[in-house]
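This briefing looks at aromatic rings, at charges placed over them, and at some backbone angles. Please have the sequence and the 3D view open while reading.

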Amino acid sequence: MGVISLPDMAAGVIPNLAVSYSGGHCKHDRTLFLGRRPLVFRTNSNRKKKLFLTEHWLRKSRTSIFSSLDDSSVTDVVDNSDSFSSGRNEMSSVEEDELMTAKIALSEAHARQEAIEKERDQLLQELACFEAKQQEYVATILHDKDMAVSELEAAKSLFNQKLQESVQEKFSLQDKLVLVKQDAVQLAVQVERLAEIAFQQATSHILEDAQLRVSAAETTAAEASYQIEKQIKDMTEGTILSIVEQSKNAIEKALDVAEKAGDHATKAASAFNDSMSPLDELASVQSKNIMLQGAVNDLESQLLLTKSDVAKLKLELEKAHAYANLLEVRATDAEKALVEFQESSRKESLQREQEIMSLMEQMKKDSSERNQAASGAFNVELQSIRDAIAAVKETVHSKDDAYLRRCEALQRSLKASEATTKMWRQRAETAESLLLKERQPGDREEDSIFVVNGGRIDLLTNDDSQKWKLLSDGPRREIPQWMARRICTIRTKFPPRKIDVAEALSSEFRSLNLPKPEEVWSIALEKPKEGDTLIEHAFEKETIEKKRKALERVLQRKTTQWQRTEEQTKLEPGTGTGREIVFQGFNWESWRKQWYLDLAPKASDLSKIGVTSVWFPPPTESVAPQGYMPSDLYNLNSAYGTKEELQHCIAEMHAHDLLALGDVVLNHRCAHKQSPNGVWNIFGGKLAWGPEAIVCDDPNFEGRGNPSSGDIFHAAPNIDHSKDFVRKDIKEWLNWLRSDIGFDGWRLDFVRGFSGTHVKEYIESSNPAFAIGEYWDSLAYENGSLCYNQDAHRQRIVNWINATGGSSSAFDVTTKGILHSALHNQYWRLIDPQGKPTGVMGWWPSRAVTFLENHDTGSTQGHWPFPREKLTQGYAYILTHPGTPTIFYDHLYDFGLHEILTELIEARRRAGIHCRSAVKIYHANNEGYVAQIGDTLVMKLGHFDWNPSKENHLEGSWQKFVDTGADYIVWLRQ
């Protein structure tokens, strides 16, 4: 084998290349193997080489071939000269150092060839691994596809199976339905037959019995009448015969006597004629006359006896006729009874027929409903099966889509790899075609070395080739201006950092335009939403809202008078007009005077200061003089005055456009009498109830009613409002108070004792203009101090209002209890965590009736008196806030607060505050409390310095309307 040495430059640039020469016997066949494809590179160079003896070589173009991918790793240096036959002789003249250099280069080439072989083996192993992974991945995809197809087939089979089962079940249900219908029809036919047979049997038996009875009665009557007639006939005939015989005998006797008398007369005449004694004859004649007179008397007596017998016979005959008539009446009655029985039997049969028909209709309806239910259930199940099948189909489709996407991705990757392989093959072919071109005549001889490195050809030249840069690095150019502008328009702009105030003011970037305070969401202005837990029953209907607004416009005080028309007086019981101000027109000691006569003259003053409703004391007869232990509900002559005085007082209130609210006690009632056990549970008066009207869990009065629906009032029998007659009587009584007495609304005492649902029924029946419930419950305390969180307390009141359906309002006891502590420099108690007032006013203001004192908490009882030095602050709070405020009699007329309260009521009227006005609280701390109510009123409690004109979020001009310094200040918007 021959060896050719390379120049130093070439040896230093081409690493890890083995060079070998096949010798001179190769002639003109020179081959390069480039990764299983033979390539031949041709080079042209005119440079002189120090490593070759030019005098011993014929200067022709030479080709240097290096391969890093050929299996043989053979590089040939081929000379295209035709005179290689003399090369072996000329090699003897090569210097020894050149030979050694060639040997060293050859050894290095061998070492590099071994390294290249190792690298090739490693690449082949990686290629084999890649192919194995590719095959494994393809197998996995095929397996997943097969699994998906099998799952799809299983789902289809399951669907078909379920569909077949559902169809079979449908057919079975239809068969069952047909059988059920047939059974129902057969059953109906059997029922009809049985009913007909039973009816025939019952009616035939009854008819036979009735007919037998009637026939027996007829025979009995006929026999009796025949016997009576026979007896009458026999007796009559016997009597007549005896009378005739007796008469004949008497006549015969009389004729005999007459003949004898005639004979005697003739004998006497003859004897007289014969000169006989007249006295003897006269005596004999008298004796005969006496005998004749006795015979006549006997005849008369016999005649009388005969008459009496005839009278008796007549009487018996009349009795027989009467008995016969009675028998005839009985026969007619029996006939009527038979007819009625037949009619009733016919009606019963018709009714039974109707019942049977209705039963048949009901059975048909039930069967149709069952059929519909079965078909509906079948449809639902079929729909569920369809949905499940659709879901399975969708899942399978999604899996198929995923598998298809994976297959497509693999196909794309395979196509990309094939395209890459094809591209590199094309490049290799291009390189081969370029290198196989023959050198054109006239070209200069140059030496160029081409290195094949993984399919890329590196041209190793001394000069810097732009073509090589283009091939290796690609084109490089600047971004066009239009593209730069486009990039600048779509990128995010950030304001530059400001260094000083002048730069910030002169910058084109502006700060954010924040919304105004009234545009920001506010808890106070938040309207209740459907589904809220605490106000789910508080939504007002649109019609009621329109009516309320119309009434608000009509009932503006000092501008228009309240016209008591039907449209205007039909108010909402829970709110009235929405602008009510209630005045409690009595205290605990008012019964000691003729109160109705004292209260009536105050109607003018109450109307003048702005009061709209007057709360009257309990009007009924009561065991206790204050009226809260009622007995006879219809007796209105109480300790406060007579019924006529009450009606006069109410009429006076109506004359000044004031509503009259009656204090009605519905929870309990005092009895009039004792039961045999000595218990007072018998009521008197018009509503004369018994123990059945008393709840059974009242431990003191042995009630027989149902358990109480609320708390027990132990001082009197608690009424059972679950009884229908009790509710009926109470509704009639309330309507009587409304229509006959003149009350406009109610104050309901101790509503904790019975359910609010009954209150709703009473209100709906009596239709009051305004109704208030007294739900007095204890607040939450901890270690003797009032707790801040009173949500549980006001929740109980709201629950009761909910039970009435919102038809009644309730006293805001929560707000009263909180004001006791809040006005002692604890104003933070007046705001809850949601920014709303802490009483019922904060949750349901339209149903909250605020107050400071009443006859129980204040007056001479003093169960829970309000701090007297804080009364003005308390009224400043409730009269400027939403809800319905209440003024106590003692405060207005006995405590000297008349002018103060008049001023606050006027401020409420001017600001247009009503029971639903919005509240926005700005401050609530130890120093004071500030809130805006509505749009035109701001009020402050406490001693800290605050002015609405200094607040940026309060627009407009504000003027003080009431200023008391440290207690409270009220501003109105101009």
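**Charges over rings**

R868 sits over the face of F895, 3.8 Å away from the centre of the ring. The model in which this is seen is a predicted one. A second case involves R794, which lies over the face of W843, also at 3.8 Å from the ring centre.

**Aromatic pairs**

- Over the whole structure, a search finds 19 aromatic pairs.
- One of them joins W776 and W864: the ring centres are 6.4 Å apart and the planes are at 10°, so this pair is stacked, as planes under 30 degrees apart count as stacked.
- The W776 and W864 pair links distant parts of the chain, 88 residues apart.
- W776 belongs to the loop between β13 (771-773) and β14 (781-782), and W864 to the loop between β17 (848-850) and α18 (871-880).
- W776 has a relative accessible area of 27% and is therefore partly exposed, whereas W864 has a relative accessible area of 16% and is therefore buried.
- F811 and F851 make an edge-to-face pair, because their planes are at 75° and an angle over 60 counts as edge-to-face. The centres of the F811 and F851 rings are 5.4 Å apart.
- F811 is in strand β16 (residues 809-811) and F851 is in the loop between β17 and α18, so the pair ties together parts that are 40 residues apart in sequence.
- F811 counts as buried, at 3% relative accessibility, and F851 is buried too, with a relative accessible area of 5%.

**An aromatic cluster**

- Which residues form one aromatic cluster? They are F583, W595, Y889 and Y893.

**Positive phi angles**

- F750 is not a glycine, yet its phi is positive, at about 45°.
- F750 is located in the loop between β12 (745-748) and α14 (756-766).
- Is F750 buried or exposed? F750 counts as buried because its relative accessibility is 18%, and buried means under 20%.
- N783, a residue other than glycine, also has a positive phi, with a value near 55°.
- The position of N783 is in the loop between β14 and β15 (785-786).
- N783 has a relative accessible area of 79% and is therefore exposed, since exposed means over 50%.

How values were computed
Residues numbered from 1 in each chain as written. Predicted model: local features only at pLDDT ≥ 70, side-chain atom pairs only at ≥ 80, totals over all residues. Heavy atoms only, no water. Phe/Tyr/Trp six-rings, centres within 6.5 Å; stacked < 30°, edge-to-face > 60°. Helix = DSSP H or I, 4+ residues; strand = E, 2+ residues; numbered from the N terminus. Buried < 20%, exposed > 50% of the residue type's maximum accessible area, 1.4 Å probe, protein only. Lys NZ or Arg CZ within 6 Å of the ring centre and 35° of its normal.
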